[in-house]
Amino acid sequence: MTQLTGYLRPDGKVGIRNHVLVLATVSCVTGVIQRIARDVPEAVCVPHAYGCGRGGPRDLEILFRVLPGMVRHPNVGAVVLVGLGCEVSSTKMLMSLIGDAGKPVEVFNVQEDGGSLATAQQGAEAARRLLAQVASHPRVPVQWSDLLVGMECGGSDAMSGVTANAAMGSVADWLVGQGGSVIFGENTETIGTAHVLARRAGNEAVAQQIVAMVDRAERLTHEIMGDLASLVISPGNMDGGMSTIAEKALGSICKGGTTAITQVVDYAETPTEKGLILQDGPGYDGDSMTGLAVSGAQLMFFSTGRGTPAGFPGVPVIKVASNSRLFHAMRDDMDVNAGVMIEGTSRDTLRDEMLARMARVVNGEPTQAERNGMDVFTFMTVHPPF
Amino acid sequence: MTANLLILHPHDNVAVALTALAAGDIGTAHDGEAITAVTDVPASHKIARVDIPAGAEIVKYGEIVAVSTRDIPRGDWVHTHNLESKVWKR
């Protein structure tokens, strides 16, 4: 198979892209990031709605995991960090958490650097400077075992669990067989499958973590939705042939494949084990992708049946359409057509095509979401804003 | 020949109809396994691969997804009218 190439980072991690990330620390500087994005379209510019105004311990824990995690991400070669000056996740706070990022990080603050326009100008200049600098990083040979691949599904239809997720599961099994790692999450999509997932746990401790995770998801769903909890399997799901919540969940979790689950990690937490990793994170696509990426996924597969264009900043997302109608209706957004399984292509044939595509994407071929700039960046919060 | 049935796991006692089947239609899987539909089966729904007695487990993806509430003959449509959930009874 194709020799893979990537970027070897000082911390030993392997990136498959070499981006300059322009990251906001707080929502207040959104316009500054947008100006930099217009000036330097080659940079990956990430404004967001967070960084202040939420003081709950769980939200702070996630905030201080996600933003440093974006800076440390192996697909990022250099960073421009743009802050305001008085926010909770200030540049000073973030830099103290990040420590040695092993890459250049240039820091600006609107309150200290002359206001929004002057900061945008300095940030853009820094981004251009860093782009020139990272251009000298060489691509070097890397292995499948260097990869952590995220498996995500969203905008699903009745075929998602039959074609796209099943094919992604075959990719996952192959990758784990090569010594690589796969991470999947979406705890609300595991309801009813505790017994299945626990049986696949690599050891007893992992089995207990899985049962606790699924129980928590079930309890929380009931707590929040009350009698409507049963609607996690919707009438549309049933029309599509899903008869029970367990059947729906199996259609979702099959995207992780069939190998033993070696570790359960918290939302956006970095795994310490190789193999198949289960993340205790939400099902909502944007929040879920952030959790997988910050955990270290350099690449994601994302199945969809109704069709979503969502990608992720700095991380290639390979879109897998569950049916041919969608593949053609949103041709510019889709990378792989798993609908060919309905027309007679075997799962193994489709898997081999997906592996070949994955190799090309690792080596630099842009995915449709990358080409189109369909980045989505949101993350999980659990407390109300103050 | 184009397969119009998908068997997700060898232990499954149901297959997935990739296209809608009318009663009397023959569904065929990639490996050549053929099942004659005894009722209409909508696309993406389940069809019984074997005779499934009442109270038996319905297995898809190699896992138990439900329990049958009546005898389901080979070729029958398998859905909410002849099974029930083991969790969250709905």
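How much area is buried between chain B and chain A, and what share of this area do carbon and sulfur atoms give? I found about 2500 Å², with 62% from carbon and sulfur atoms. Buried area is the accessible area (1.4 Å probe) that two parts lose on being put together, summed over both.

A note on my source: this is a predicted model, where local features need pLDDT of at least 70, side-chain atom pairs count only at pLDDT 80 or more, and totals for chains, interfaces and linings use all residues. Residues are numbered from 1 along each chain as its sequence is written, chains are lettered from A in the order in which they are written, and side-chain values use heavy atoms, leaving out hydrogens and water.

Next I listed who takes part: 38 residues of chain A and 27 residues of chain B are in contact (heavy atoms within 4.5 Å).

I then looked up salt bridges (a side-chain nitrogen of Lys or Arg within 4 Å of a carboxyl oxygen of Asp or Glu). The rule finds three across the interface of chain B and chain A. I also noted that Glu247(A) forms a salt bridge with Lys60(B), their closest N and O atoms being 2.8 Å apart.
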